[in-house]
Amino acid sequence: MPLQLIGAGYGRTGTMSTFAALNQLGLPCYHMIEVLRNPANPTHLEFWRQVGENPHAPRDWETVFANYTAAVDFPASCVWRELMVAYPDAKVLLTLHPKGADAWFDSAMDTIYMGDRWYSRVLALVTTRGRRMGEMTEKLIWKGMLRGTMPDRAAATAEYQRHVDDVIATVPPEKLLVFTANQGWEPLCAFLGLPVPATPFPNVNDCAQFQKMFLGMKIFAGAIVAAAAVVAAGLGFLLGRLG
């Protein structure tokens with residue numbers, strides 16, 4: 001089932017709403033959530049971690065896309081050029097934040113950019129999955145697609161615009177749709193040659209989900225730190241008695 005639609009937009013550009021819309025249109029869609037939602041199956045995370053190590057190496061993209069006909073969001077959008085080569089008949093969807101680069105930056109900083117958050121460092125230190133996820137996102141997204149510009153607002157928003165210009169200059173106009181989720185069904189369906197659904201276009205605001213996830217991470221990381229402190233105190237007490 002080859003990809004028919006390649007998303008080239010950054011995460012936090014309405015990709016979750018677009019993901020929901022494409023699935024509703026009958027196009028099974030790949031999204032970062034596919035990497036996150038199955039922690040018991042490390043295949044996708046390990047695949048993307050290897051892509052982060054060498055984004056331009058030849059690889060079998062069907063390893064992760066076999067059950068999908070569309071892909072939006074990170075990490076797939078990081079390799080939009082490579083996917084255009086692998087799937088030459090696919091169209092390209094460039095999602096943008098409807099309020100511009102600065103609004104995208106604020107959204108990314110509030111959600112997907114982990115940066116120096118203490119709890120992410122703790123989880124990366126003590127869990128294999130946390131460490132590999134951190135490696136993948138750092139190399140493929142933040143140092144790869146974003147070229148190390150985060151969390152500098154001026155540099156990151158300039159890189160956002162450079163990326164937009166690059167996609168528009170590279171993809172043939174007849175194969176490209178520049179899209180914001182607030183435009184609704186009409187431009188997307190016209191681009192894909194599909195009928196417009198009678199239901200409203202999905203409006204998925206997942207900020208609350210991110211905050212819930214961060215809270216869970218903080219609780220888990222805090223428990224690890226507390227346990228380590230108890231162990232350290234116990235060892236200190238024991239060594240003191242032995243001394």
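Student: Which residues touch the most other members of the largest nonpolar core?
Tutor: In this predicted model, W48 and F65 do so, in a core of 46 residues.

Student: Which elements give two or more residues to this core?
Tutor: They are helix 2 (32-36), helix 3 (43-53), helix 4 (62-65), helix 5 (80-86), strand 4 (91-95), helix 6 (101-110), helix 8 (128-145) and helix 9 (153-170). Helix 8 provides the largest share, 6 residues.

Student: And what does W48 touch, not counting residues up to four places away in sequence?
Tutor: Its contacts are Y30, V35, W61, V64, F65, P75, A76, V79, M136 and L140.

Student: How many residues are in the other core?
Tutor: That core, which lies apart from the largest one, has 20 residues, including M16, A70, L177 and L188.

Student: Changing topic: at what angle do helix 6 and helix 9 cross?
Tutor: Their axes cross at roughly 120° and come within 9 Å of each other. The crossing is right-handed.

Student: Which residues meet there, in helix 6 and helix 9?
Tutor: Helix 6 contributes A101, D102, W104, F105 and D106, while helix 9 contributes R153, A156, T157 and Y160. By class, this contact comprises 5 nonpolar, 1 polar and 3 charged residues.

Student: Now M84: where does it lie?
Tutor: M84 is part of helix 5.

Student: What is M84 in contact with, leaving aside neighbours within four places in sequence?
Tutor: M84 contacts I6, V92, V171 and P172.

Student: How many residues apart in sequence are M84 and I6?
Tutor: They are 78 residues apart in sequence, yet their C-alpha atoms are 7.5 Å apart in space.

Key
Residues numbered from 1 in each chain as written. Predicted model: local features only at pLDDT ≥ 70, side-chain atom pairs only at ≥ 80, totals over all residues. Heavy atoms only, no water. Core = buried A, V, L, I, M, F, W, Y, C linked by side-chain atoms within 4.5 Å. Buried < 20%, exposed > 50% of the residue type's maximum accessible area, 1.4 Å probe, protein only. Helix = DSSP H or I, 4+ residues; strand = E, 2+ residues; numbered from the N terminus. Contact = heavy atoms within 4.5 Å. Axes fitted to C-alpha atoms, helices over the stretch in contact; angles between N-to-C directions. Left-handed = near helix turned anticlockwise from the far one by under 90°. Nonpolar A, V, L, I, M, F, W, Y, C, P; charged D, E, K, R; others polar.
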